[in-house]
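Visitor: I am new to this structure. Please show me how to read it.

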Amino acid sequence: MMQAGFVAALLDPDLPVPAGLVAPDGAPAGRRFDVYRNTVAGGLTRVLEAGFPALRRLVGADFFAAMAGVFLRAHPPRSRILMLYGADFPGFLQHFPPVAHLPYLPDVARLEQALRDSYHAADHRPADLGAIPPEALLGCRLRLAPSARLLRSAWPVRSIRAAALQGGPSPAWRAEDVLVLRAGFDPEPHLLPPGGGAMLAALIGGATLGAAMDAGGEGCDAAAVLGLLLAQGAVAGVECAE
Amino acid sequence: MFDRVDRDLPARAGVGYKPQHFSALLENPGAVDWLEIHAENYLGDGGRPLAQLRHLAGRFPISVHGVGLSIGGEAPLDADHLARLKALCDWLQPASFSEHLAWSTHEGAFLNDLLPLPYTAATLARVADHIDQVQEALGRRMLLENPSTYLAFAESEMAEVEFLQEIARRTGCFLLLDVNNVQVSAVNQGRSAEAYLDAFPLDLVGEIHLGGHHADRDDQGAVLLIDSHAAPVEDRVWALYRRVIARGGPKPTLIEWDDDLPDWPVLEAEAARAARVLAGAA
């Protein structure tokens, strides 16, 4: 028996059940093969439902299940670590015509994926910045925690997610930059002040704190960004030139 | 060749660990003397899952149960995945490592199911080769679990028990006897669960699984049992379990409940029921 034929029929319910698969009396397997089809599709759909709860609220449970069915057949998991399955979901949503009228969905999916990534990321010990004089800190590079994720969106992605999960009024239509941080075990999406996204992108890219603040631009509230990082213990390391 | 043999699981009752039960389990483990985890849920880099596991490993013997190695796959074993399993076993030092007589990957895609195999000489050679590689990599003997099956292969030339016995003989692996799977497969394959169990080499069994199933129908209207792990163990499966313990003596016994999770006291009561059977045979 070639497993290729088994897999093709498993993922495509329109294909006939492969020859040679039988019931105990020798009759063709028929619905018995569907048990495997249902287990594969149902199991992966549940993984996506657990991973993208806000997305599911936004499109409705039935629509989500149907969409998950299309996605999982086109993008079956490449890893056996299913708790992170769905990294291709945002890209899929971007080109899935039935949701073309909801252009913010891919970013909502990216935020939910970032939260899952953060949940399973490596632990770290917050760096102690107290010993470094404030003026010297500007010349230092800050290494963020492995569980930190930056998402810069043209949509109010954090507000949309919160409204989807907790209810409340429709968010104001503005761009939102979000930093996911995990102070303990539960990641939180933090809304960044204006310029904060650009500043953090530069910091993550390896710029010194001073250069990152410049990248944040005129109106950047660098003190608020730095305060957030320190309050959440999100700096894992500091590297200062002599 | 192996510096660890899987003899450290106590011949008492355990349950499949679910994070939802963390606090209740620690507060009142009751009849639960050991825990089993699905390896793939603990292959992240950190966070709550690994912190909980570290904590639990200080209190309970742990069995690592893989669900994604695809030991029956036509392709070579995934070396990266095997390395991750080894890293997990190296720090956790579990009492046991087990996997399934099944396959789940094809050309890099992971299908998240335990798919069936034809029992032929070619399958036997491939599975034995893969088990050799796993045992070599992990430096320990593994346990191989009998599957739940819903259909058969016209090309099969061996009975399942005979197949498992030969795998164990060639590789030195032990067997994990899932009594619920025996009942599910017996009904679905039109064979006798008692005859299957009476032929099973119980001296090679390092662990027993008990779990729930539900009933469906095939195209001819025949009963088709589905291995759902979403319900209590059926009375019929308890009867088969008592038969196994009466013949083979006490074995580490796990209650598997993976979906539609009950509150902790319900799961603990299932473990207590298994513990009573074990105590009666001791």
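This is a predicted model: local features need pLDDT of at least 70, side-chain atom pairs count only at pLDDT 80 or more; totals for chains, interfaces and linings use all residues.

Visitor: At what angle do helix α1 and helix α2 of chain A pack?

Guide: Axes are lines fitted to C-alpha atoms over the stretch in contact, and angles run from 0 to 180 degrees between N-to-C directions. Here α1 (residues 3-11) and α2 (residues 31-51) of chain A pack at about 65°, with axes 9 Å apart. The two are therefore roughly perpendicular (65 to 115 degrees).

Visitor: Which residues meet there?

Guide: Contact means heavy atoms within 4.5 Å. From α1(A) come F6(A), A9(A), L10(A) and L11(A); they meet F33(A), Y36(A), R37(A) and V40(A) in α2(A).

Visitor: How is the area buried between chain B and chain A read?

Guide: The size of an interface is often given as the accessible area lost when the parts come together. The sum covers both parts, with a 1.4 Å probe. Here about 4000 Å² is buried, and carbon and sulfur atoms give 56% of that. Chain B brings 54 residues to the contact and chain A 40 residues.

Visitor: How many salt bridges link chain B and chain A?

Guide: Side chains of opposite charge can pair when their charged atoms come close. The cut-off is a side-chain nitrogen of Lys or Arg within 4 Å of a carboxyl oxygen of Asp or Glu. Chain B and chain A share six. One joins D186(A) to R48(B), with the closest N and O atoms 2.8 Å apart. R46(A) and D259(B) also form a salt bridge, at 3.7 Å from N to O. That pair crosses between chains, from helix α2 of chain A to the loop between β13 (253-256) and α9 (264-281) of chain B.

Technical notes. Residues are numbered from 1 along each chain as its sequence is written. Chains are lettered from A and ligands numbered from 1 in the order in which they are written. Side-chain values use heavy atoms; hydrogens and water are left out. Helices (H or I, at least four residues) and strands (E, at least two) are DSSP runs, numbered from the N terminus. Angles under 35 degrees count as roughly parallel, over 145 as roughly antiparallel, 65 to 115 as roughly perpendicular and the rest as oblique. Buried area is the accessible area (1.4 Å probe) that two parts lose on being put together, summed over both.
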